[in-house]
Amino acid sequence: MEYAAPLSSAVLITRYKRFLADVTLDDGSQITLHCPNTGSMKNCLYPGKRVWFSTSDNPKRKYALTWELAEDDRGNLIGINTARANQLAEEAIGLGQITELQGYPLIRREVKYGNENSRIDLLLSGGPTPDCYIEVKSCTLLDKDWGLFPDAVSTRGQKHLRELMEMKRQGYRAVLLFVVQHQGIHRVAPAEAIDPKYAALLREAMAAGVEVLAYGCMMNNNGLQLNIPIPFHPCAG
């Protein structure tokens, strides 16, 4: 996935009100970016470190600049725009870069499914195997070299696991795909200490046949590419 233009950079001052971040440009001036991440961004906020942002030409936007990448204290790049996760997943599947999800000529987005008024992120169909329901999650919480999910208690994430189990019971493929937007993450697990209910439900889902995949990104100021398989473990440690 290529950005419309190479990203510009600045230095992070602070993130506030969830959706805003103040930064300092190289000329010393300060500007405000839109922060496209509603999560806690735990272990992703490093004041004084460099960030990268895109520029929108939409005149209706109050904040034309969108925060895309951050740098941590080890120099790792982090993709903080959670909306990119679904885009990356769809692109990678369409290009055949996710081996486990090859063989489906049709990809649909945001299709209603399940018993709890949900919409699936991606629905693959038209292949020789049963249709495949895919929930996409962005993973950026780093602990040592582990990527943990979620970074806060997620009742929505719990609901999605229940919906995936129901699809599996109906005879479909059901997949939880972690899009890892952090260069320091080399393995993924549920964040037991943050949301033990989610962690237990994820293991239940795996036992019921829900597939769990994790893929990492190549990233720079020109774009992102999801093509690096990362091991998933039911428990960290």
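The model is predicted, so local features need pLDDT of at least 70, side-chain atom pairs count only at pLDDT 80 or more, and totals for chains, interfaces and linings use all residues. Residues are numbered from 1 along each chain as its sequence is written, and side-chain values use heavy atoms, with hydrogens and water left out.

Let me begin with helix α1, residues 83–94, where helices (H or I, at least four residues) and strands (E, at least two) are DSSP runs numbered from the N terminus. In α1, R84, A85, L88, A89, A92 and I93 are buried, meaning under 20% relative accessible area with a 1.4 Å probe and protein chains only. These residues cover an arc of only 160° around the axis, taken from the directions from the helix axis to the C-beta atoms, which puts them on the same side of α1. Just after α1, G96 takes a positive phi of about 75°.

Turning to the sheet, three strands form an open, mixed arrangement in the order β10-β11-β13, where pairing requires at least two DSSP bridges between two strands. The edge strands are β10 (141–143) and β13 (187–190). Strand β11 (residues 146–149) pairs with β13 in the parallel sense over four bridges, and W146 has R187 as its bridge partner in β13.

Finally, the structure holds five aromatic pairs, counted when ring centres of Phe, Tyr and Trp (its six-membered ring) lie within 6.5 Å, with planes under 30 degrees apart called stacked, over 60 edge-to-face and the rest tilted. F149 and Y198 form an edge-to-face pair, 5.6 Å centre to centre with 65° between the planes.

Technical notes: Expected span 1.5 Å × (residues − 1). Buried < 20%, exposed > 50% of the residue type's maximum accessible area, 1.4 Å probe, protein only.
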